[in-house]
Amino acid sequence: MEKHKMPTKERIIEESLTLFSIKGFKGTSVKEIADAVGIKDSSLYKHFKSKREIFDTIVLAVGKRMEETSKAFGLPTDANGLPGEDQFEEAAIFYEKLTLEGLQQLSRDFLTFYMTDPFMSRFWRMANIEQYQNEEIYNVFYKIYMEDSIRYQSRVFAEMSRRGILKDRDPEVMTISFYAPIFFLLSKYINRPSKLPEALELLERQVEDFYLCYNDQQEREQDHAPNPPCRK
């Protein structure tokens, strides 16, 4: 939807996130937001009590986008875009059914989403600014992208190991092996959308290494992986 056709509250969110991603949360004033929307300061306060409430609404929107995307890709999820307490076995079964090609495609889809979705990419840029300016705001990003994601993936990998899908290894170490390269690729390419094909090609190779290293369901074929990337 074009910005001028959006309801005022949505335009406030959009313009705020754009300004936050350029100037940071602290560096953006309520007046600058109001000017970008084309309203008076007093009118903005009819929609939001404070700049922090605008930020909190942005965080809720990020969670909603993550939830909708996970569901679109077939993953069990709750309102935060991650499996609920009773869904980790279901998530493990979902991953169990994926071939190498399926896991690569899922990873490509997620990376493409985070790199090309305008809302998510602006939120990422804002967080990179805030890590040096506002610890409280950055901690929200840290919880979403690192703390919650690593805890979730570790629990899924632990369940997959229990079911004999993955090797019996430290689930947190497996998670770092899987997640850290994706986080690195996002950090490297988030502001360079034209480099998406290059990022996806690197991601495919990383996912293949992870799959060959930790998958415990089937024997590796000699012509497919003559030099497995990690020890048995």
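User: Leaving aside neighbours within four places in sequence, with which residues is Lys23 in contact?

Analyst: Contact means heavy atoms within 4.5 Å. On that basis Lys23 touches Thr28, Glu32, Ile129 and Gln133, once neighbours within four places in sequence are set aside. Of these, Ile129 lies 106 residues away along the chain, yet its C-alpha atom and that of Lys23 are separated by 7.9 Å. This is a predicted model, in which local features need pLDDT of at least 70 and side-chain atom pairs count only at pLDDT 80 or more, whereas totals for chains, interfaces and linings use all residues. Residues are numbered from 1 along each chain as its sequence is written, and side-chain values use heavy atoms, with hydrogens and water left out.

User: In which helix is Lys23 found, and how many helices and strands does the chain have?

Analyst: Helices (H or I, at least four residues) and strands (E, at least two) are DSSP runs, numbered from the N terminus. Lys23 belongs to helix α1, residues 8-23. The chain has ten helices and zero strands, which gives the pattern α-α-α-α-α-α-α-α-α-α along the sequence. Among its contacts between residues at least 6 apart in sequence, 62% join residues at least 24 apart.

User: Is Met174 buried or exposed?

Analyst: Buried means under 20% relative accessible area, exposed over 50%, and partly exposed in between, with a 1.4 Å probe and protein chains only. Met174 is buried, because its relative accessible area is 0%. Lys23, at 35%, is partly exposed. Of the 232 residues of the chain, 48% count as buried.

User: Where is Met174 placed, and which residues does Met174 touch?

Analyst: Met174 is placed in helix α9, residues 171-189. Not counting residues up to four places away in sequence, its contacts are Phe157, Ser161, Leu166, Lys167, Arg169, Phe210 and Tyr214.

User: How many aromatic pairs does the count come to?

Analyst: Rings of Phe, Tyr and Trp (its six-membered ring) pair if their centres lie within 6.5 Å; planes under 30 degrees apart count as stacked, over 60 as edge-to-face and the rest as tilted. The count comes to 18 aromatic pairs. Take Phe73 and Phe110: the ring centres are 4.8 Å apart and the planes are at 85°, so this pair is edge-to-face. The pair links distant parts of the chain, 37 residues apart, with Phe73 in the loop between α4 (51-72) and α5 (88-96) and Phe110 in helix α6 (residues 100-116). Phe73 is partly exposed at 25% relative accessibility, while Phe110 is buried at 18%. Elsewhere, ring pairs join Phe113, Tyr114, Phe123, Trp124, Tyr138, Phe141, Tyr145, Tyr179 and Phe183 into a cluster.

User: Over which ring does the charged end of Lys51 sit?

Analyst: A charge sits over a ring if NZ of Lys or CZ of Arg is within 6 Å of the ring centre and within 35 degrees of the ring normal. The charged end of Lys51 sits over the ring of Phe25, 4.5 Å from its centre. That of Lys9 sits over the ring of Phe48, at 5.1 Å from the centre.

User: At what angle do α5 and α8 pack?

Analyst: Axes are lines fitted to C-alpha atoms, for helices over the stretch in contact, and angles run from 0 to 180 degrees between N-to-C directions. Angles under 35 degrees count as roughly parallel, over 145 as roughly antiparallel, 65 to 115 as roughly perpendicular and the rest as oblique. For α5 and helix α8 (residues 135-162) the angle is about 70°, with the axes 9 Å apart. Therefore α5 is roughly perpendicular to α8. The contact involves residues including Phe88, Ala92 and Tyr95 of α5 and Tyr152, Val156 and Met160 of α8.

User: At what angle do α4 and α8 pack?

Analyst: The angle between α4 and α8 is about 10°, and their axes are 12 Å apart. Hence α4 is roughly parallel to α8. Arg52, Phe55, Val59 and Met66 in α4 meet Glu136, Ile137, Val140 and Ile144 in α8.
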